Amino acid sequence: PGATNRLFYIERGYRLRYSKQWERLENRAENWPLANDAGIGDGSQIALAGICLDTQTFAWTEASTYEVVGAGENFLPIIIPSSRGIVGTQAVTSGDGRLFFVSQDGIYQQIGLQQQKLTGAIDPFFLGMSRKNSRIIRRLVAGSKAPNSAITISKIHSPQASAIVGVPAT
């Protein structure tokens, strides 16, 4: 539960639910009052992930990062100005006092409320470009939503380049 002594979870993709202060050996419905509920953002994007640290709690959408702030019985997710979102539900981790996450345009670290881009050399891949700055077309194989069915086709026309990069369609 962290320093707030509460449990948090994302409900239906748009709502942050939080428990009463943690009490050992209790597992009752009244530990999750209906009033302990707050919207994440404006409801136009699904909250993809969240993480509780010792003193802070964060939630992410595709576009932004939210810090959960509050005291007593009231908590609200507040957008961090100029923050980045994440690409999926498994795109956040923590370690060494930092958060690490994958955004649409690179890999970032977050210390406190400051986000810093860590990638540089691989950035063209996040922008749909190959190493030689040629456009890459990404699509899913028809009828499948599984990530391993994604194929990447490069539009390079040279004898050294492969036409298909990534997982081939089956």
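Planes under 30 degrees apart count as stacked, over 60 as edge-to-face and the rest as tilted. Phe 8 and Phe 75 have ring centres 5.7 Å apart and planes at 85°, so this pair is edge-to-face. The pair links distant parts of the chain. Phe 8 sits in strand 1 and Phe 75 in strand 7 (residues 74-79), 67 residues apart. Both Phe 8 and Phe 75 are buried. Buried means under 20% relative accessible area, exposed over 50%, partly exposed in between (1.4 Å probe, protein chains only).

Phe 101 and Tyr 108 make a stacked pair, with 5.5 Å centre to centre and 10° between the planes. Phe 101 is buried at 1% relative accessibility. Tyr 108 is buried at 4%. Phe 58, Trp 60, Phe 101 and Tyr 108 form one aromatic cluster.

These four residues also belong to the largest nonpolar core, which has twelve residues in all. A nonpolar core is a set of buried Ala, Val, Leu, Ile, Met, Phe, Trp, Tyr and Cys residues joined through side-chain atoms within 4.5 Å. Strand 4 (49-52), strand 5 (57-60) and strand 9 (98-103) each give two or more residues to this core. Apart from it lies another core, of nine residues, including Leu 16, Ile 40, Val 68 and Phe 75.

Now the strands. The protein chain has one helix and 14 strands. Helices (H or I, at least four residues) and strands (E, at least two) are DSSP runs, numbered from the N terminus. Three strands form an open antiparallel sheet in the order 1-2-3. Strand 1 (8-11) and strand 3 (37-39) stand at the edges, each with a single partner strand, so one side of each has no neighbour in the sheet. Strand 2 (residues 15-18) pairs with strand 3 over three bridges; two strands pair if DSSP finds at least two bridges between them. Arg 15 stands opposite Gly 39 in strand 3.

Across the whole protein chain, 32% of the 170 residues count as buried.

Residues are numbered from 1 along each chain as its sequence is written, and side-chain values use heavy atoms, with hydrogens and water left out. In this predicted model, local features need pLDDT of at least 70 and side-chain atom pairs count only at pLDDT 80 or more, while totals for chains, interfaces and linings use all residues.

Key. Rings of Phe, Tyr and Trp (its six-membered ring) pair if their centres lie within 6.5 Å; planes under 30 degrees apart count as stacked, over 60 as edge-to-face and the rest as tilted.
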